[in-house]
Amino acid sequence: MEISLNRAAEEIRKVSSEHGFYAGWGNVPEKLMLIVTELAEAMEMYRKIKLGGYSLRVSLEPHPILPLKNQEELISKFSEELADVQIRLLDLTAALGIDLEKAILEKHEYNKTRPYKHGKER
């Protein structure tokens with residue numbers, strides 16, 4: 001089933017609202033920091049993956065000491081945290097009436113016109 005970002009955002013907003021969570025202009029800073037928190041949690045999962053000697057590509061050989069199950073669990077948790085980022089972002093954009101699809105497409109078209117690394121040498 002194909003779904004647009006805006007429709008996904010509306011569905012996420014509906015579920016969030018039904019579960020007692022409010023998002024709106026009055027608490028944008030709180031909602032943005034919750035998105036940052038989810039990113040931080042994803043970073044922690046990434047660190048655990050790398051510290052375990054794992055790769056984010058499960059198809060590679062497993063770590064010689066730690067079992068593959070640990071690698072798969074960590075990658076699953078990493079994916080879950082990234083999903084949380086998207087869910088919180090879509091919830092916020094729907095609550096604020098932002099057309100995220102339009103904004104992404106416009107920004108993508110603009111980015112195509114920018115120089116390599118936005119003109120920075122490094």
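Trainee: How many helices and strands does the protein have?

Mentor: Four helices and zero strands, so the order from the N terminus on reads α-α-α-α. Helices are DSSP runs of H or I with at least four residues, strands are runs of E with at least two, and the numbering starts at the N terminus. Bear in mind that this is a predicted model: local features need pLDDT of at least 70, side-chain atom pairs count only at pLDDT 80 or more, and totals for chains, interfaces and linings use all residues. Residues are numbered from 1 along each chain as its sequence is written, and side-chain values use heavy atoms, with hydrogens and water left out.

Trainee: Let's look at H2. What span does H2 have, and what span is expected?

Mentor: H2 has 24 residues and covers 34 Å from its first C-alpha to its last, close to the expected 34 Å. The expected span is 1.5 Å times one less than the number of residues. After H2 comes Gly-53, which has a positive phi near 80°.

Trainee: Why is Glu-38 called buried?

Mentor: Buried means under 20% relative accessible area, exposed means over 50%, and partly exposed lies in between (1.4 Å probe, protein chains only). Glu-38 has 8%, so Glu-38 counts as buried. H2 has other buried residues, including Val-28, Ile-35 and Ile-49. Across the protein, buried residues make up 25% of the 122 residues.

Trainee: How do you know that Glu-38 forms a salt bridge with Arg-88?

Mentor: A salt bridge needs a side-chain nitrogen of Lys or Arg within 4 Å of a carboxyl oxygen of Asp or Glu. For Glu-38 and Arg-88, the closest N and O atoms are 3.1 Å apart, and that passes. Glu-38 sits in helix H2 and Arg-88 in helix H3, so the pair ties together parts 50 residues apart in sequence. Arg-88, at 30% relative accessibility, counts as partly exposed.

Trainee: Which residue does Arg-13 meet in a salt bridge?

Mentor: Asp-91, at 2.5 Å from N to O. Arg-13 lies in helix H1 (residues 5-18) and Asp-91 in helix H3, so this pair ties together parts 78 residues apart in sequence. Arg-13 and Asp-91 are both buried. The count of salt bridges comes to six.

Trainee: Lys-31 is buried too, so what keeps Lys-31 from counting as part of a salt bridge?

Mentor: Distance, under the 4 Å rule. The nearest side chain of opposite charge, Asp-91, is 4.8 Å away. As for charges, Lys and Arg count as positive and Asp and Glu as negative, while His and the chain ends are not counted. Lys-31 does touch Tyr-22, Ala-23 and Leu-92, not counting residues up to four places away in sequence; contact means heavy atoms within 4.5 Å.

Trainee: What makes Tyr-46 and Phe-78 an aromatic pair, and why is the pair called tilted?

Mentor: Rings of Phe, Tyr and Trp (its six-membered ring) pair if their centres lie within 6.5 Å; planes under 30 degrees apart count as stacked, over 60 as edge-to-face, and the rest as tilted. A search of the whole structure finds one such pair. Tyr-46 and Phe-78 are 6.4 Å apart centre to centre, with 45° between the planes, which makes the pair tilted. The pair links helix H2 with helix H3 (residues 68-96). Phe-78 counts as buried because its relative accessibility is 16%, while Tyr-46 is partly exposed at 31%.
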